[in-house]
Each structure stands twice: as structure tokens, then as C-alpha cells.
Amino acid sequence: MKIENLTDLNVLVHTARSGTLTAAARALGITPAAASATLKRLEAQLGARLFERSTRAMRLTPQGQTLLDYATRAFELLAEGESLVAADRGALVGTLRVAAPSDLTRSTLLPWFDEFLDTHPGLQLALSVGDRPLDVMRDEVDVALRFGALADSRLVARRLADSRPVLCASPDYLRRHPAPQVPQDLLQHNCLTFHRAGRRQRLWRFARDGHWTEVRVDGDRVVDDASLAREWAVAGRGITLKSALDVRQDEASGALVRLLPGWDTEPYPLHALLPSGRFVPARVRALVDFLALKFAALPAP
């Protein structure tokens with residue numbers, strides 16, 4: 001038998017991504033019972049089991065993995081066709097699924113997203129904000145904005161901005177504590193740290209004349225949202241090490257002061273990441289081009 005309803009494959013795709021029928025049903029806006037019935041119908045039409053079921057999760061069978069690969073390609077081809085038709089009409093339409101760091105979103109990206117959507121009223125933005133990097137290949141993300149070195153060769157990366165972390169504190173904090181003169185002085189300061197990719201960023205590295213030194217800092221607070229570390233610094237609670245892009249407005253207003261100006265830090269570039277080999281809709285290319293122009297127009301950090 002053949003598949004009678006192409007949209008039934010959405011249940012297969014979402015279940016494979018999330019690992020559970022309940023999560024797939026939630027993403028599709030249907031009941032778990034309806035998702036389960038759809039999956040059983042698919043298996044009956046194909047005469048093959050697509051998932052191995054357990055009380056915790058559902059794992060694709062080899063036959064299910066084969067169908068998932070082809071279903072993914074089919075939906076990408078449909079998206080490509082829709083995008084080309086829309087391009088012929090001279091309009092960008094559809095949903096942009098974007099993942100971005102929390103502090104960069106709040107300090108820089110929000111007004112840019114507003115401007116882009118105002119220019120293209122046929123678009124909708126689905127924004128995921130946080131400092132836990134999403135899996136661009138697995139999660140429902142068209143483009144992810146990510147700081148730092150890139151390790152996943154399956155991704156296509158476009159560099160949007162060059163940046164480095166900068167050490168900073170508020171004038172109020174510096175009135176109460178002498179500014180550090182060398183990195184080792186940070187051992188005497190309250191350093192505001194945060195988690196990135198599940199790991200606390202406590203090892204701060206600095207260089208002078210090509211020689212690197214590391215300091216394992218500590219403080220009275222740590223957070224999994226880097227934007228709060230910056231807000232604590234602005235409030236005079238301590239010293240933090242943040243991307244120059246994240247603190248540029250606070251530096252310009254005088255809310256934060258850059259410390260250890262004679263010391264370098266490691267490069268911390270910002271990239272736009274897209275899955276390799278996947279068709280990139282015109283709306284996604286347009287957004288990445290727009291952001292690249294915006295970052296290029298910023299003053300050097």
C-alpha cells in the first residue's frame with residue numbers, strides 16, 4: 001500500500017525529532033491520540049514498523065529512518081517550491097525560526113528583527129532565546145546565531161561579526177573596589193559568571209605580548225542566562241567577562257567601564273549557522289544578509 005496523506009508524515013518527522021508522541025502532538029496542535037492513530041495508519045499502509053516503542057521514548061527502526069530521510073527531503077522540496085513561487089510574486093512569506101543568545105537578542109537584535117518584519121509583512125518570526133545552543137540539524141531552527149569557535153562540520157556558517165570578550169564593571173563597583181591591574185588581581189574580586197552550553201565559564205584567559213595567562217575566577221553568583229550577569233555588573237555587583245557586542249551600549253552610556261585595556265582576550269566571533277545541504281529559503285537568506293549589513297555598520301568594538 002502507499003501513503004494516502006502526505007501530511008501524515010509530519011507526525012513521523014516530529015516524533016523522530018522529539019522522541020515522544022506527546023511532544024509531536026503538541027508541536028502539531030493535535031491530541032496524542034490523533035498522533036498515535038496517524039502513526040499506526042502510516043505503519044499499516046507501509047506494512048512496516050516505524051518506531052520501537054518504550055515507556056520513555058520512541059526510537060526509529062531502520063525502516064523508519066529510511067522513511068524519515070525521504071520525508072525530510074520531500075518537505076524541503078515543497079518548501080523550496082513555495083519559496084520560489086513567493087519569490088516570483090516579489091514577496092517574502094512564511095515563518096523564520098531563529099535561535100539567538102539571550103543578551104545579544106535583548107541588547108541588539110530585537111529592534112533589528114522589528115525592522116525586518118516591518119519591511120516584510122508576509123513573514124512571521126519564531127524566536128528561541130537562550131544560551132543553550134540548539135541542535136540546528138535536529139531542532140526546528142532555520143538559522144542559529146552563535147558565538148565562539150565552530151566544531152560541527154555539518155553546518156554552513158557565515159561570520160556576522162568579529163568580537164572578543166571584554167572585562168567590565170560599573171563605576172559604582174569600582175568606587176568600592178580598586179580596579180584590577182593584572183589578571184591575577186581578579187582573584188580578589190567578585191566575578192559574575194554564567195553557564196554556556198551547560199558549563200560554567202570560570203576560566204578567564206588574557207594575553208599580553210603573545211603570552212597567555214589563565215585565572216580561575218569565583219564569585220557569589222552564577223546564572224544560566226548571560227544577560228543577567230551583565231545586569232548584575234551594571235548594578236555594581238561585580239566584574240564580568242562578556243562579548244564586546246553585548247556590552248557596547250552599556251559602555252557607550254557609561255554604565256560599564258572596560259578593565260585591563262592592555263590585555264587581549266580570545267576571539268569570539270558571531271556566526272549565522274544553517275544546516276549543510278538543506279535548501280535555504282529566500283526568507284532565511286534575506287534575514288542573514290540583513291543581519292550581516294547591520295553588524296557591519298556597527299562601530300568596531
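A salt bridge is taken here as a side-chain nitrogen of Lys or Arg within 4 Å of a carboxyl oxygen of Asp or Glu. The structure is a predicted model, in which local features need pLDDT of at least 70 and side-chain atom pairs count only at pLDDT 80 or more, while totals for chains, interfaces and linings use all residues. Residues are numbered from 1 along each chain as its sequence is written, and side-chain values use heavy atoms, with hydrogens and water left out.

Of the 301 residues, 42% are buried, where buried means under 20% relative accessible area, exposed means over 50%, and partly exposed lies in between (1.4 Å probe, protein chains only). Among contacts (heavy atoms within 4.5 Å) with a separation of 6 or more, 74% are between residues 24 or more positions apart. The protein exposes about 15900 Å², and carbon and sulfur atoms supply 52% of this area; accessible areas come from the Shrake-Rupley method with a 1.4 Å probe, and for residues only the protein chains shown count as cover.

Turning to the charged side chains, the salt bridges number 19. One of them pairs Asp250 with Arg230, with an N to O distance of 2.9 Å. This pair links distant parts of the chain: Asp250 sits in helix α8 (residues 244-253) and Arg230 in helix α7 (residues 226-234), 20 residues apart. Asp250 and Arg230 are both buried.

Asp246 also takes part in a salt bridge, here with Lys242, and the closest N and O atoms are 3.1 Å apart. Through salt bridges that share partners, Asp103, Arg230, Lys242, Asp246 and Asp250 are joined into one network. Asp246 counts as buried because its relative accessibility is 6%, and Lys242 is likewise buried, with a relative accessible area of 3%.

A further salt bridge brings together the side chains of Asp218 and Arg200, at 3.2 Å from N to O. Here, too, distant parts of the chain are linked: Asp218 belongs to the loop between β11 (211-216) and β12 (222-223), and Arg200 to strand β9 (residues 199-200), 18 residues apart. With a relative accessible area of 41%, Asp218 is partly exposed; Arg200, at 28% relative accessibility, also counts as partly exposed.

How values were computed. Helix = DSSP H or I, 4+ residues; strand = E, 2+ residues; numbered from the N terminus.
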